[in-house]
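Here is a short report for a reader who is new to this structure. Please look over the sequence and the model first.

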Amino acid sequence: DQCCAPTRQTGAPSWDRCRLYYEIHPASSCTGYRSPSIVSGVGDPHVDTIDSGRYTCHVQGWHVFAQTTNAARARAESNAESDVFDMNLIYPDDLFRIHVQSVMVAPALSYIERTHGYGSVFRSYVIISGNSSFTISNEKGKFGCVVNNQLVLTADLANDLNYDYTASTNDTDQYTYRIKQSPKVVGNETVPQLTVSLWSGLTVQCDILSENLDCVLILPEKFRTFIEGLAGNFNGDPSDDLMNRQTNQTVAITSPSNPGSLTNDMDILNACRSWKVSNDTTSDDKRPLMPQDFVAWYNNSVPEFLTTLSSSISKNLVDQTCSGKFECIHDYLIRVNSFTSKGSTSTLESTESFRLEMAETIPFVDIISPVIITLPADESNRNYTLTININGTNLVDVSVTVYTNRSTYNTPFVDSTVTLLMPNNTIEFVHAL
């Protein structure tokens, strides 16, 4: 970028130097780009696996949400022996473990606790990669965040809803990470959203919905077939995403494309329990609720009986709140909270929508190199027009998201041009996506 920046002497770039830069560093055409994959753990709690499977289980203590496999380690060490670095390959410092803490929650209605048992929620996540660790937790409706058991960002996050922190784990920029908090609108409420992005491309994004910590894990393609845990194995097949680690047997789960009801609550529960972290001593002393059996009980109950238990779980009210969605009904019956029930269901739907959108053919951007700014580079006119040709099918609306320092705005295309407001100092930056 320095090679193509306006010079102090002329106020315009040196195009010979700029052309030479692009000859050595050609602009990317995004050829061969593969979108990242996503897995979520939300609600009470529902896991939407990385291959688009879905299940619910109530466990207690720390469990392996996702981690790289022994095969990943072998491949990473082999790649590290090569003299050529390729960011699309996995290396030893990309290996990771993510543990999730699940805590039992008593149902709002004592009758449900006596007859069905306890629900649970995910309360904390720990990400371990390289020599670094990142802990994310729900601290009474606000984010707790600790890096390497030393850097505590909890107070900063509580005082700044737009907090943004970027650092590296050593003296080089090779292991850079970013922690960013921003507001998110869920229904009629604004909740905090925290995003932790690592050097490997691994990203964890969490929302706080009351006592819920709803998180999604986003992984780049280089981790394909190289992970295991509650999140699945990333082989493209949802049917084998949940495995009982003790018996080495896969357990049947549902998926958005195959949402049929199952009756294997105990098999799912035992598979989830098999991923408990080996050194965790949390006792499993509360009877867990069986999700599919629980929702079937509601569906088969006489409406008058449910109303006698509580008017808040009447069939009319529950159906109005959840529109027949399994996860929403399940969560609402446990805690009688329409906000968290709808919010968690919305996250699951957003995850599936993300998969469908990213699976479509992605339009590519053809940028002529170098980009020539035709307007004078001076302090009086900082609006520069950039011509970009976009090739794609059925494009209805195209806009660019522009990040200027800590603010963002969308700017539309007019024919094939977009106008960017350039900064007038060396501190701010512009990043157009």
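What covers the buried residues of α2? The cover includes β4 (61-68), where contact means heavy atoms within 4.5 Å.

## Basis of the model

This is a predicted model: local features need pLDDT of at least 70, side-chain atom pairs count only at pLDDT 80 or more, and totals for chains, interfaces and linings use all residues. Residues are numbered from 1 along each chain as its sequence is written, and side-chain values use heavy atoms, with hydrogens and water left out.

## Confidence

The pLDDT is the predictor's confidence in each residue, from 0 to 100. The protein averages 82. At least 70 is reached by 71% of the residues.

Among the elements, strand β15 (residues 227-228) has the highest mean pLDDT, 97. Strand β18 (residues 364-366) has the lowest, 55. Over residues 368-378 the pLDDT is below 50. Beyond near neighbours in sequence, this stretch still has 21 contacts in the model. Where pLDDT is low, the predicted coordinates should not be read in detail.

## Overall make-up

The protein has 10 helices and 24 strands. These are DSSP runs, numbered from the N terminus: helices are H or I with at least four residues, strands are E with at least two. Of the 433 residues, 44% are buried, meaning under 20% relative accessible area (1.4 Å probe, protein chains only).

Contacts between residues at least 6 apart in sequence were also counted. Of these, 57% join residues at least 24 apart.

## Helix α2

Helix α2 spans residues 70-80. Its residues Ala72, Ala76 and Asn79 are buried.

## Helices α6 and α8

Helix α6 (residues 291-300) and helix α8 (residues 315-322) have axes that come within 11 Å and cross at roughly 125°. Axes are lines fitted to C-alpha atoms, for helices over the stretch in contact, and angles run from 0 to 180 degrees between N-to-C directions. The two helices are therefore oblique to each other. Angles under 35 degrees count as roughly parallel, over 145 as roughly antiparallel, 65 to 115 as roughly perpendicular and the rest as oblique.

Tyr298, Asn299 and Asn300 of α6 meet Lys315, Val318 and Asp319 of α8.

## Asn264

Asn264 sits in the loop between β17 (249-250) and α5 (265-273). Asn264 is buried, at 12% relative accessible area. Leaving aside neighbours within four places in sequence, Asn264 is in contact with Val251, Ala252 and Gln292.

Definitions and conventions. Buried < 20%, exposed > 50% of the residue type's maximum accessible area, 1.4 Å probe, protein only.
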